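Here is a briefing on one structure. It takes up backbone geometry, ligand contacts and helix packing in turn.

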Amino acid sequence: MTDTHQTANDYGSQERSDLLSVDEALQQIRKTLEPVEGFERCPLQQTFNRIVAEPVISPINVPGHVNSAMDGYAVSSTDLPSGDADAVLQVTGTAFAGNPFAGTLQNGQAVRIMTGAVVPEGADTVIMQEAVTREGDSITLQAGHKAGENVRHIGEDIAEGGVVLAPGKKIRAAEMGLLASLGIGEVTVSRRLRVATFSTGDELCSIGEIPREGQIFDSNRYSIAGMLRALNTEHIDMGVIRDDPEAISNAFSTAAKIADVLITSGGVSVGDADYVKQTLDKLGQVNFWKIKMKPGKPLAFGQLKDAVFFGLPGNPVSVMATFYEIVQPSLRHMMGQETHAPLRVKVRCVDKLRSPARQDFQRGILERDDSGEWVVRSTGHQGSHILSSMSQANCFIVLDAECRGVEPGEWVEVEPFEGLF
Ligand code: AMP
Ligand code: MG
């Protein structure tokens, strides 16, 4: 680990070899982090975006009965015609979803059946209505049907006693519907993470205040709040803390007592870092890293008493990129969520790009060109203070550390913003 100032020029120069890559940083963080303990029973309505903490076992088969996948006619496969001959069958009744046909089908008979209705006894096949001609009470069907077609079987979606949702699964709309389909009204989920945040910097002005000469509004507070909301955490917003040792020390102590995680922005650049480090040394063990990523080189990570600490850089785009790539997977791990590699796909880039010797997360706009092909273009100026680039973008263009640039038409990897932004 080094605290040495990294002075290399972003473009073209050799970067120090002791910088950590994003993957290395994530590995080191994962080694230290444990999922938080504690879970709660949650009514189904409130489970959206929560993480399953105990396996959900199905109490029933779904479907619970053999039923029709189509509106049509239930028949016995023994009555299906073969060769050139048609079959003519007598329609003896109707089966509605929720209102079955009571009798048993005899040879030569068919039952009019609706989607989801129980397939009557004696039938094993459903012929879709478009495939028959009906005259009065008889239907004519031609050869070419398969025995058992258009029939849904017991337990083919979910079998009774099977694990429907394993611990670590995030509950989305599909899972809410799935649980409802089993009649399950409550789920055991992991408790929400308590995340405290504050911004540091004497130059910061809060909304409602009038900025003095050289002051800027604190935007990190709000972008971080938005991302934490998307992760469904319990957010403790501590506002802006001045660049004053005592104020910072007090804020760190308070956060360490009340939160599982503390996320700050600013004050971890070289120079600042030494100063914040002195404050933190009293409270815990924090490492100051230089990450081989752009935007967002400086990053602090460690433990403050019982809380995990992420010290993000100050620049607004760096904050969002480091949060997305490093903090987000870490928080998901702490919430007990199953991990998966971020979704990245290759598309053609229409613009010329320059890139430094660090993994680069440029802001891109993924869209279809005139020929219908998915392509990505740059949002333009890639400075880490250009927050509007994050608003225009719908993806990161991820360029690895070795890449020094991209020519128009080259393939690049993009990471679509998924939910968090
Ligand atoms: P620092 O890492 O504290 O030196 O900050 C780097 C840059 O980010 C400086 O230009 C700061 O003014 C800016 N910055 C720091 N914190 C914030 C914030 N909360 N909102 C907007 N810009 C910030
Ligand atoms: Mg600062």
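Proline 295 sits in the loop between strand 19 (293–294) and strand 20 (298–304). The peptide bond that joins lysine 294 to proline 295 is cis, with omega about 0°. The model is a predicted one. The points below start with the backbone, then turn to the ligand and the helices.

**Backbone geometry**

- Most peptide bonds are trans, and most residues other than glycine have a negative phi.
- A cis peptide bond also links valine 62 and proline 63, where omega is about -5°.
- Proline 63 is placed in the loop between strand 2 (56–57) and strand 3 (67–68).
- Asparagine 150 is not a glycine, yet its phi is positive, at about 60°.
- The loop that holds asparagine 150 runs between strand 9 (138–141) and strand 10 (151–152).

**Ligand 1**

- Ligand 1 is surrounded by 17 residues.
- The closest of these are Glu203, Asp218, Asn220, Gly267 and Ser269.
- Aspartate 218 places a polar side-chain atom 2.7 Å from a nitrogen atom of ligand 1.
- Asparagine 220 has a side-chain N or O atom 3.2 Å from a nitrogen atom of ligand 1.
- Asparagine 315 uses its backbone: an N or O atom there lies 3.1 Å from an oxygen atom of ligand 1.

**Helix 3 with helix 6**

- Two packed helices are described by the angle between their axes and the distance between those axes.
- For helix 3 (residues 220–230) and helix 6 (residues 316–334), the angle is about 30° and the axes are 11 Å apart.
- Angles under 35 degrees count as roughly parallel, so helix 3 and helix 6 are roughly parallel to each other.
- Their crossing, helix 3 with helix 6, is right-handed.
- Helix 3 contributes Asn220, Ser223, Ile224, Met227 and Leu228 to the contact.
- Helix 6 meets them with Pro316, Val319, Met320, Phe323 and Leu331.
- By class, the contact of helix 3 with helix 6 has eight nonpolar residues, two polar and no charged.

**Helix 1 with helix 6**

- Helix 1 (residues 22–32) packs with helix 6 at an angle of about 25°, and their axes are 10 Å apart.
- That angle makes helix 1 roughly parallel to helix 6.
- Helix 1 and helix 6 cross in a right-handed sense.
- On the helix 1 side, the contact residues are Val22, Leu26, Ile29 and Arg30.
- On the helix 6 side, they are Glu325, Ile326, Pro329, Ser330 and His333.
- The contact of helix 1 with helix 6 divides into five nonpolar, two polar and two charged residues.

**Helix 4 with helix 5**

- How far apart are the axes of helix 4 (residues 245–258) and helix 5 (residues 272–281), and at what angle do these helices pack?
- The axes of helix 4 and helix 5 are 10 Å apart, and the angle is about 50°.
- Helix 4 and helix 5 are therefore oblique to each other.
- The crossing of helix 4 and helix 5 is right-handed.
- Six residues of the contact of helix 4 with helix 5 are nonpolar, two are polar and none is charged.

Technical notes. Residues numbered from 1 in each chain as written. Chains lettered and ligands numbered in written order. Predicted model: local features only at pLDDT ≥ 70, side-chain atom pairs only at ≥ 80, totals over all residues. Heavy atoms only, no water. Axes fitted to C-alpha atoms, helices over the stretch in contact; angles between N-to-C directions. Helix = DSSP H or I, 4+ residues; strand = E, 2+ residues; numbered from the N terminus. Parallel < 35°, antiparallel > 145°, perpendicular 65-115°, else oblique. Left-handed = near helix turned anticlockwise from the far one by under 90°. Contact = heavy atoms within 4.5 Å. Nonpolar A, V, L, I, M, F, W, Y, C, P; charged D, E, K, R; others polar. Near = heavy atom within 4 Å. Polar contact = N/O pair within 3.5 Å; in protein donor to acceptor, adjacent residues only side chain to side chain.
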